[in-house]
Each structure stands twice: as C-alpha cells, then as structure tokens.
Amino acid sequence: MHTTPLSATRRGFLQGGGALTIAFALPLPGRLEAAAPAVFAPSAWLRLAADGSVTVMCGSAEMGQGVLTAIPMLLAEELDADWKRVRVQQAPADPAYNNPMFGMQATGGSTTVRGHWEPLRKAGAAAREMLVGAAAAQWKVDASECRTEAGQVIHSSGKRLAYGALAAAASRLPVPAEPKLKDPKDFRILGRRTNRLDTPGKLDGSAKFGIDASVPGMLVAVMARAPQPGAKPAALDDAKAKAVEGVRQVITIPHGVAVLADGYWAAKKGRDALVIDWDLGAARDLSSAKVSEMLSAAASRADAVALAAGKPDDAAAGGAAALTATYEAPYLAHACMEPLNCTAWVRGDTVEIWAGTQSQGPSQGILGQVASVTPARVKVNTLLLGGGFGRRFAPDFTIDATLLSKLSGKPVKLIYTREDDMAAGYYRPASVAKFEAALDAKGRPALLKCGVGSPSLAVASGFMKLADNGVDPVAMEGIADHPYDIANQRLAYGRAEPGPQVWFWRSVGHSQNIFFIESFIDELAAAAKADPFEYRRALLTKQPRYKAVLELAASKAGWGTPPPRGVFRGIAVAQSFGSYVAEVAEVSVGADGTPRVQRVVAAVDCGMTVNPQTIERQIEGGIVFGLSAALYGRIDFKDGRVAQSNFHDYPVLRMNEMPKVEVHIMPSSEKPGGIGEPGTPPIAPAVANAIFAATGKRLRSLPFDASQLKPA
C-alpha cells in the first residue's frame with residue numbers, strides 16, 4: 001500500500017478520543033478478561049483503571065503480523081507500565097485511530113509500527129507525565145524528583161504510588177502537547193523478545209475470526225460470482241436452487257447471484273444448483289497467452305519514464321558487451337487460509353458489520369453509500385483475519401454482504417468458498433520486464449534500460465493515481481529505485497489492461513520487480529565472470545544499508561566456502577517499506593529438474609525494533625509466501641475464466657518442503673521500517689540465482705518451470 005502521510009496536530013491527536021466507546025473486546029484469555037472501568041483515559045489509545053490495569057486500544061487489524069502486541073508495546077514502553085498488567089482491545093472504527101501514514105483507519109503496506117512509532121509513544125509519554133504530576137502534587141514535591149517504573153511513580157525518598165491510585169487525580173490534569181520521549185537506551189519493553197498477546201486465544205479456540213461471527217436470525221449467503229469484472233447473467237434459472245431445503249432467497253447483485261439460506265451447506269447447495277449463462281463481453285476471449293502478448297508489447301513500447309540518467313544511447317553504442325533479457329510474472333491470488341467473509345445487518349438508518357477487514361475507515365464511507373446512510377451510522381466490528389496479504393483491504397465482500405442484508409431485510413453472513421475466492425479477481429498484477437545492459441571493459445554496467453509492461457494497480461485501487469507523465473509508481477517500485485551505481489539508465493513503464501481486477505498483494509510491486517532486477521544483475525555478474533556477491537557489493541558503495549545486509553547474509557551463509565555436496569547458493573538484496581533484506585538460498589536440483597530449497601539465510605535491517613520475535617516470524621512467513629509463489633503460484637485464464645480453483649491446482653509450500661530459515665537482525669538506530677512484507681521479494685531471485693549456479697540455466701519466468709531444468 002502507498003499513500004501520502006496525514007498531517008495532524010499532536011495535541012489534537014492526544015486529546016481527540018478520550019470519550020470513545022469501546023465497540024467490543026477481542027477475547028484474549030489471560031490478557032483481556034473484562035476490563036475494570038477506566039478512570040484515566042487521556043487519549044483514544046489508553047484506558048487506565050483504578051486497579052492499575054492498562055488497556056491499550058488497537059485500531060489496526062490483526063492478521064498474524066503481531067499488531068495486537070506491537071501497539072501495546074509502543075505505548076506501554078513510554079508509559080512505563082507493568083507489562084503483566086497490560087491488555088489490548090480492538091478499537092472501533094473512528095478517525096481517532098487513523099493510520100498516520102494513510103490518513104484513514106486501515107492496515108497495510110507494512111505501516112502499523114512505522115506510522116504509530118511516534119504517536120503511540122507520545123500517548124504513553126503524555127500519560128506518564130500526567131501520572132507523575134498527580135503524584136508530585138499529592139506528595140507536594142517537584143516532579144523532577146520522581147521517576148516511573150513498572151506501573152508506579154517512585155520518589156527519590158523511596159516512597160511510591162501505583163498508577164491505579166493516581167488515575168483519578170491524573171485525569172484532571174491537562175494533556176501535555178509535547179511529552180518527552182525516552183532515549184532508546186532506556187527501553188525496557190521495546191526491542192525485547194515478547195510473547196504475543198493474541199496467542200492464548202488462538203490456542204484454546206476462544207479468539208474470534210470473521211468467519212466465527214454469528215447474529216440471531218441471520219441468513220448465510222453463498223454467491224455465484226461474475227467470472228470477470230462487468231460480466232452479467234444473460235440468462236438465469238434459479239428454480240432448482242430455490243427447491244433446496246433451507247434456501248430462502250435468490251438475489252442478483254452487481255457482483256453475481258447470491259443464494260441466501262438458513263445455513264452454509266444449504267446456501268452452497270443452492271448456489272451450485274443455479275444455472276447461469278454469463279455474458280462475459282469483451283473478456284470472453286481472454287487467455288494467459290493474450291495477457292502475455294499484451295504485457296510484452298507494453299514493455300516494448302514503455303514510454304512513461306520513471307528514471308532517466310546519463311546518456312543511455314551513447315552508452316549502448318560504446319559498451320564492450322551487451323545483454324538483453326525478458327522476464328515475466330503471472331497474476332497471483334492471495335489464497336488466504338480463512339476464505340473471505342462478512343456478516344452485515346442493515347437496520348433502518350444504521351449498518352453494522354462483523355468482518356476481518358484491513359480497511360475499517362474506508363468501509364464506513366463505502367458501506368454508507370451502499371446502504372444510503374451517513375458514514376457515522378456504519379459500525380465496523382473488526383475481528384481477527386485468517387490471512388490478509390492485501391486482499392482484505394478490498395471492499396467487495398463487505399459491499400456484497402451489506403447489499404444482501406439491505407435487499408433481504410435480514411442480517412446476512414456472506415462466505416466465499418475457496419473456489420469463489422480464487423476466481424473472484426483482485427489479483428497481483430501480471431508483469432513483463434525487458435532489460436538491456438552494456439558492460440564496460442571491466443565488466444561493470446555502463447548502461448541499464450528496462451521497460452515494464454503491467455496493468456495499473458494505482459488506477460485499480462481507486463485512491464492512488466498515475467504520475468503526471470503516466471508512470472505507475474507501484475508497477476515500477478523496486479526497479480525505478482534500485483540501488484546499483486550505474487551512470488546511464490532509462491527505466492520506463494508501459495500500461496496494458498488485459499481485464500482481470502488487480503489489487504495489492506504482499507510486497508506489491510516489489511514482489512515481481514525484485515525477481516526481475518536481482519536476476520538480471522546476476523546475469524551481468526555472470527557475463528562479467530564475477531562472483532555474484534562481490535559484483536553487487538562493488539555496485540553498492542553508495543548504499544551502506546543495502547551493502548551491510550548483503551554482507552551479513554553472505555557471511556552468515558558461508559558465502560565463499562564450499563556448500564554441501566549437490567547444493568548451490570544464490571543471493572539477492574532488496575529494500576521495501578523502509579526495510580532492507582538480503583537472502584541467500586541454498587538449493588539442490590533433482591534428476592527430474594525439481595528444485596529443492598534446503599536453507600535460507602536472511603539478514604534484515606528494519607531500523608529500531610519493537611519485538612525481535614515478530615521480526616523473525618514475519619521474515620520466515622514472507623519467505624514461505626514468496627517461495628510458494630516462485631515454485632507454484634500462477635493464475636491462468638482460458639476463454640475468459642480462471643483455470644485454478646483450490647490448493648490442488650494452486651499449491652502452496654508444504655511442511656515437508658520448508659527449508660531451514662535463519663534470520664539475522666542488524667542493530668540499528670534508524671526509524672523503524674515495515675516488516676510484514678520485506679521478507680518476500682528477495683527469495684524468488686535468490687532461488688533462481690542458485691538454480692543458475694547449479695545448472696547454468698537461467699529461469700526468467702515465474703513460477704519456475706522444472707521441465708527446463710531436466711538434463712538433455
């Protein structure tokens with residue numbers, strides 16, 4: 001996700017949400033028992049009770065990335081809270097919880113910690129100063145004589161008061177506009193491995209995901225979704241669907257035809273009984289081959305220049321050696337483990353939904369339009385997400401559930417089957433990149449040209465736009481801002497729109513573009529007869545953070561020492577979402593050409609850390625996600641329809657295929673970067689480069705085609 005930061009006064013932020021009502025409590029046993037009544041609520045984020053318990057409100061969505069722990073850690077650090085007394089609650093949808101990097105309450109783009117690093121710490125620091133002030137007034141001493149630790153204010157004489165005992169008095173003091181933040185060397189909570197607060201509820205089953213929502217009297221809906229955007233039923237026979245026991249209504253809406261029933265099984269049987277002749281319009285001839293042709297042509301004619309440097313034409317003519325290569329990546333589904341779902345209830349001039357959504361704030365405006373009510377009359381209950389990856393930022397499933405509730409007059413729980421989800425659109429864009437390079441007499445790149453052909457995700461998102469010269473910044477990220485020191489460059493974008501709905505996918509444009517450019521840099525190293533690690537290193541002298549993670553990953557992987565017999569190494573480095581990651585993949589290739597990733601060594605510089613445990617897990621998860629796409633992921637089209645339907649033909653990495661992963665975190669004093677996505681981009685090129693080292697064959701398309709690796 002990419003947006004323009006929101007500006008707001010700090011004082012307004014700190015004071016803006018003190019009177020908010022808590023919408024619901026996310027069950028987290030041992031951490032979220034019924035909270036004592038708040039006595040001290042100096043900001044939207046904090047509730048301090050007389051018993052000393054601290055409740056932190058989290059406005060971001062939890063989809064496995066750890067925000068329900070990270071957000072409390074940020075505030076608790078500056079509050080000097082007793083971590084054992086800290087609870088977390090999911091916040092309601094309210095502008096007080098806007099993501100500062102988005103200007104709206106939404107979760108994506110690895111922005112939660114980056115965006116809240118300062119605001120949440122300021123909220124905690126302001127509360128701490130107020131508690132100290134209350135204690136100093138009670139003791140009739142100067143506040144400078146007091147310190148705080150583990151939920152207590154302590155005077156230099158040794159006397160102390162618990163926060164709970166000071167809550168009422170502190171609540172009567174003004175909220176400091178510019179509270180003093182701690183020096184990072186004094187952190188007691190941030191930077192330490194901390195168990196997640198949401199784990200107990202997930203282990204005992206009490207945690208509530210979107211699919212667990214239940215409302216008395218609700219109907220369950222399953223839809224026959226339109227195969228392509230804009231497709232409409234040319235003919236519909238719903239007689240057999242209506243004959244299924246338990247089916248109550250069949251309703252046609254813009255995204256398809258929905259069957260509403262007393263339960264899921266009846267709704268699915270009814271949906272399967274529908275007979276629909278879809279009018280696909282211009283999409284009837286859509287095929288993967290046609291998509292490839294369109295994107296290749298767009299890459300060839302790419303004329304929206306994202307970066308121009310030096311004299312590319314002169315460099316091309318004067319180079320000692322020239323290379324060209326074409327890379328391609330397919331559409332990808334998100335394949336969330338929890339299928340998309342939303343429960344909606346439209347009653348008069350109010351809307352209430354229960355969903356695992358990444359976009360609570362936008363949902364209020366969008367669903368207000370759907371139900372013809374004001375956004376303030378839309379209540380969003382954010383439940384846990386069983387995987388998001390950007391997919392649950394899209395509004396389609398919440399729109400459809402709300403529309404079905406409005407039309408049926410009942411609360412409706414809409415559930416996509418896995419097959420529905422796979423064919424529902426909102427894919428990672430397919431893309432083609434065409435490279436041209438010239439090497440000087442020493443083998444260094446004197447020229448780099450690249451044309452990228454891709455649909456515009458900026459336009460598809462509805463809240464971004466193309467640059468004035470037509471460049472889609474998402475389509476070019478990772479290429480237009482690559483780190484290598486090359487004097488002459490022309491990097492350009494060519495737009496093509498084959499038709500399928502595209503959307504944000506974990507690591508967005510970096511997911512394919514880092515594969516493209518890191519593979520091509522490896523080609524340049526091979527042409528120069530240079531070591532791939534040393535070749536990159538020599539081109540990164542002006543990029544110290546890139547260079548440092550590259551060197552750390554190589555060192556920890558034993559680069560330059562012999563790998564195990566039959567195992568070969570590849571390396572790649574990338575920056576995305578403010579974090580720098582290098583990965584070394586150790587790969588073997590079987591007699592049938594099947595690559596097997598044995599080990600991955602990752603080095604990450606994500607700035608100052610909140611929870612090292614989360615960083616390790618997110619890098620590991622990002623590697624699994626990217627490796628699944630590299631080995632298996634593709635969405636194909638034939639006659640206007642999606643070919644894949646479930647995990648049997650859209651595989652993900654299995655447990656027995658999981659490589660050993662080592663994550664090394666670089667100490668840093670830089671501001672935090674994101675961590676939910678940066679582990680994904682480097683893995684595909686690292687594996688591809690290892691495959692080249694093993695076989696001498698360069699794989700330039702994703703997913704990897706093992707048949708190309710079979711011995712002749």
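**Close-up views of a predicted model**

**View 1. Ser-579 sits in strand β23, which covers residues 579-589.** Strands here are DSSP runs of E with at least two residues, and helices are runs of H or I with at least four residues, both numbered from the N terminus. This is a predicted model, in which local features need pLDDT of at least 70 and side-chain atom pairs count only at pLDDT 80 or more, while totals for chains, interfaces and linings use all residues. Residues are numbered from 1 along each chain as its sequence is written, and side-chain values use heavy atoms, with hydrogens and water left out. Ser-579 counts as buried because its relative accessibility is 1% (buried means under 20% relative accessible area, exposed over 50% and partly exposed in between, with a 1.4 Å probe and protein chains only). Leaving out residues up to four places away in sequence, Ser-579 touches Ala-574, Asp-605, Cys-606, Gly-673, Gly-674 and Pro-678; a contact means heavy atoms within 4.5 Å.

**View 2. His-510 lies in helix α15, residues 510-527.** Is this histidine, His-510, buried or exposed? With a relative accessible area of 4%, His-510 is buried. Its side chain makes a polar contact of 3.3 Å with the side chain of Glu-477 (a pair of N or O atoms within 3.5 Å; within protein, one must be able to donate a hydrogen and the other to accept it, and residues adjacent in sequence count only if both atoms are side-chain atoms). Beyond its neighbours within four places in sequence, His-510 is in contact with Glu-477, Gly-478, Gln-575, Ser-576, Phe-577 and Pro-681.

**View 3. Ala-162 belongs to strand β7, residues 160-162.** Ala-162 has 39% relative accessibility and so counts as partly exposed. Which residues does Ala-162 touch, not counting those up to four places away in sequence? They are Gly-151 and Gln-152. Gln-152 is 10 residues from Ala-162 in sequence, and their C-alpha atoms are 4.3 Å apart in space.

**View 4. Stepping back, the chain has 19 helices and 27 strands.** Buried residues make up 59% of its 712 residues. Among contacts with a separation of 6 or more, 76% join residues 24 or more positions apart. The C-alpha atoms fill a box of roughly 80 × 70 × 50 Å along the principal axes.
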